[in-house]
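Here is a friendly walk through one model, meant to be read with the structure open beside you. Take a look at it before reading on.

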Amino acid sequence: MNFMRCLGAFLLVGGCSSSDLPDGSTRAGLVSEFKLVIKGHDRNGDGKLSLEEIQTMVDSAFKSGLEPELRNRLLEDYARQDLDKDGYLDIAELTKEPLATFACIDANRDGYIGQPEIEASAGRCDSSEAVAF
Ligand SMILES: [Ca+2]
Ligand SMILES: [Ca+2]
């Protein structure tokens with residue numbers, strides 16, 4: 001799943017190591033990133049992403065086309081995050097897993113993830129790439 005997480009992050013913020021975005025090494029920065037994602041892809045302005053809007057986001061991120069199998073896995077991964085199954089991902093749903101991963105990595109609970117914490121969390125926290133931009 002780690003590759004998919006990184007791919008998800010790539011779609012969301014335009015890169016797994018993007019620097020001109022809110023700081024993903026802080027909890028607040030992580031939430032800000034997902035707010036930007038919603039803002040950037042919320043076509044009808046309802047403040048959340050419909051699975052259709054997510055599909056458009058995925059397809060526009062891979063203009064040359066994504067392998068159907070990979071595309072399906074990616075879309076399924078987003079659909080799975082729709083916890084109340086209303087067909088929309090809101091900020092709480094989008095940030096639930098990344099924040100859980102963040103909390104797992106942030107061993108000293110200071111709301112900031114440093115490189116040593118990321119390294120120490122390898123294998124312990126699922127998908128550390130998700131927050132280790
Ligand atoms: Ca939902
Ligand atoms: Ca910390």
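## About the model

This is a predicted model, in which local features need pLDDT of at least 70 and side-chain atom pairs count only at pLDDT 80 or more, while totals for chains, interfaces and linings use all residues. Residues are numbered from 1 along each chain as its sequence is written, chains are lettered from A and ligands numbered from 1 in the order in which they are written, and side-chain values use heavy atoms, with hydrogens and water left out.

## The calcium ion (ligand 1)

Asp-82 (OD), Asp-84 (OD), Asp-86 (OD), Tyr-88 (O), Glu-93 (OE) and Glu-93 (OE) coordinate the calcium ion (ligand 1) at 2.3 to 2.5 Å. Donors here are N, O and S atoms within 2.8 Å of the metal (3.2 Å for Na, K and Ca); water is not among the atoms, so sites may look incomplete. Along the chain, the donors of this ion have the spacing D-x1-D-x1-D-x1-Y-x4-E.

The six donor atoms make angles of 53 to 157°, and the site is irregular. (Buried means under 20% relative accessible area, exposed over 50%, and partly exposed in between, using a 1.4 Å probe and protein chains only.)

Asp-106 is buried, with a relative accessible area of 4%, but Asp-110 is partly exposed at 47%.

Helix α5 spans residues 91–105; helices (H or I, at least four residues) and strands (E, at least two) are DSSP runs, numbered from the N terminus. Its 15 residues reach 21 Å from first C-alpha to last, close to the 21 Å expected at 1.5 Å a residue, where the expected span is 1.5 Å times one less than the number of residues. At Glu-97, shortly before Pro-98, α5 has a kink of about 35°, the angle between axes fitted to the seven residues ending there and the seven starting there.

The buried residues of α5, including Glu-93, Leu-99 and Phe-102, pack against α2 (27–41), β1 (49–50), β2 (88–89) and α6 (115–121), with contact meaning heavy atoms within 4.5 Å. Helix α2 also has 15 residues and reaches 22 Å, close to the 21 Å expected. Among its buried residues are Leu-30, Phe-34 and Ile-38.

Most residues other than glycine have a negative phi. Lys-85 sits in the loop between α4 (68–80) and β2 and is exposed at 60% relative accessibility.

Arg-109, not a glycine either, has a positive phi of about 55°. The loop between α5 and α6 holds Arg-109, which is exposed with a relative accessible area of 60%.

Definitions and conventions. Tetrahedral: all angles 85-135°; square planar, octahedral: opposite > 155°, others 65-115°.
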